[in-house]
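Take a moment to turn the model around on your screen. Then let's walk through it together.

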Amino acid sequence: MSSTDTISDMLTRIRNACLVRHPTVAVPSTRMTRSIAQVLKEEGFIVDYEETGEGIKRQLRIALKYKGRTRQPIIKTLKRVSKPGLRVYSNRKDLPRVLGGIGIAIISTSKGIMTDREARRQNVGGEVLCYIW
């Protein structure tokens, strides 16, 4: 089944897999989902990701990260901010801080997909895609 909003689809699949403590989750592979997975890996929210399949059947297999013997998910909340029906943009001065810096906001900028901290460091604004903590 195809989805018009691949970012929401990715976040929902990760959220659902974390709730039932699956070790991995498969999401359709696009440039945007690969970039978001790269940011999640760099920030320590996931273990790793790999691309499988070819052509239209390409998927990202994302290895989720848990802590402790009770396997509590590292990702507590994934919240989509900018949606296809209502885009949310932020200039460099007004970039959001998620939970006072504990969480991250993923921003789509002219220099690529990055966290809110990295966007502040590079002095760029852009579309606020989602919040993660």
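Predicted model: local features only at pLDDT ≥ 70, side-chain atom pairs only at ≥ 80, totals over all residues.

Residues are numbered from 1 along each chain as its sequence is written, and side-chain values use heavy atoms, with hydrogens and water left out.

Start with the open sheet: three strands, in the order β1-β3-β2, paired antiparallel. Since β1 (24–28) and β2 (46–52) stand at the edges with a single partner strand each, one side of each has no neighbour in the sheet. Strands and helices here are DSSP runs numbered from the N terminus (strands: E, at least two residues; helices: H or I, at least four), and two strands pair if DSSP finds at least two bridges between them. β2 and β3 (residues 59–64) share six bridges, and Ile 46 sits opposite Leu 64 in β3.

Now the helices. α1 (residues 6–19) lies across β1 and β3, at about 165° to β1. α2 (residues 31–42) lies across β1, β2 and β3, at about 155° to β2. Contact means heavy atoms within 4.5 Å; angles run from 0 to 180 degrees between N-to-C directions, with axes fitted to C-alpha atoms, for helices over the stretch in contact.

What about disulfides (cysteine sulfur pairs within 2.5 Å)? The count is zero. The sulfur of Cys 18 is 13 Å from the closest cysteine sulfur, in Cys 130, so that is too far for a bond.

Definitions and conventions:
Disulfide = S-S within 2.5 Å.
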